[in-house]
Amino acid sequence: MLPLEPQSIVEEARKCVLCGKCLAACPLFLETGKEEDSPRGKLFLIANLSPLTPRAAELIFPCFLCGECEKVCPLEIRIMDVLLSLRFYYKLPLSFEVKELSEKEGKKPVYPGCFEKTPEDGMVPPGLVCSGFYHLLSGDLETYKKCAEQNVRVLKNYPGIEILCPLAFTAISLYPVFFGDEFRVDIRGEKALKIPPCFFNIFPERFS
Ligand code: SF4
Ligand code: SF4
């Protein structure tokens, strides 16, 4: 159950033995090569900087939230529970406008994300808004929930809808984790572990 208690977050992070098995699985670390971007680096900061300073939160929060690290950790550390629970207690001072996606007529229902190109035959159902990934990322769960409510209302009418943006796929997959089973929708998405450029543009100083 999320969120973990603050003390449990730290205890879970302290289980990390810094073996490094998770490094090769983390798309963010593979992209930047910075230790603080790795799951190991994040757990180290969480374990040793409690309570988190705003600076530590800035280092830890940029994360693809893909869960690949947890799949390979030999100690089965609940890395995702740690990374997601932090969002209940801390917030990065970022604000993002909730954008409506432009609807498009076509045969195949898709959720394009903000910047993804829709395929020729793709249709974008009316009423969709941004997935809320960046709201989740920054700990703004209130706005993340508003995005979830609106999108779930629409997506329930389109079983098997394909999600084109990997960040949106993550955000929509996590709706039920945060808000319960009624937020579960039937989505498909080849979750290519590539981080779109928008991710780095959100944190220009952090990733310059
Ligand atoms: S694989 Fe697990 S124990 Fe090893 S460094 Fe990564 S999080 Fe720590
Ligand atoms: S959730 Fe994904 S991006 Fe974040 S630390 Fe784990 S592997 Fe890296």
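**A first walk through the model**

Author: Start with the contacts. Among those between residues at least 6 apart in sequence, 64% join residues at least 24 apart. Two residues are in contact if their C-beta atoms, placed from the backbone, lie within 7 Å. This is a predicted model: local features need pLDDT of at least 70, side-chain atom pairs count only at pLDDT 80 or more, and totals for chains, interfaces and linings use all residues. Residues are numbered from 1 along each chain as its sequence is written, while chains are lettered from A and ligands numbered from 1 in the order in which they are written.

Reader: How many helices and strands does the chain have?

Author: The chain has 11 helices and four strands. These are DSSP runs, numbered from the N terminus: helices are H or I, at least four residues, and strands are E, at least two.

Reader: What does the C-alpha trace span?

Author: About 50 × 30 × 30 Å along its principal axes.

Reader: Which domains is the chain divided into?

Author: Domain 1 (6–89) and domain 2 (108–202). The bounds come from an automatic or database domain assignment. Their centres, taken over C-alpha atoms, are 23 Å apart. Contacts link 11 residues of domain 1 with nine residues of domain 2. On the domain 1 side, helix 2 (27–32) and helix 6 are the elements that give two or more residues.

Reader: Next, the largest nonpolar core. Which residues have the most contacts inside it?

Author: Ile79, Val82, Ile163 and Ala168, in a core of 54 residues. Helix 6 (residues 79–89) gives the largest share, six residues. Both domain 1 and domain 2 give residues to this core, so it lies between them. A nonpolar core here is a set of buried Ala, Val, Leu, Ile, Met, Phe, Trp, Tyr and Cys residues joined through C-beta atoms within 7 Å. Buried means 20 or more other C-beta atoms within 10 Å of the residue's own, all placed from the backbone; 12 or fewer is exposed, and in between is partly exposed.

Reader: What does Ile79 touch?

Author: Leaving out residues up to four places away in sequence, Ile79 touches Pro39, Leu43, Cys69, Glu70 and Cys73.

Reader: Now ligand 1. Which residues come nearest?

Author: Cys16, Cys19, Cys22, Arg40 and Cys73, of the 14 residues around ligand 1. A residue counts as near if its C-beta atom, placed from the backbone, lies within 6 Å of the molecule.

Reader: Which helix gives the most to that shell?

Author: Helix 3 (residues 39–48), with three residues.
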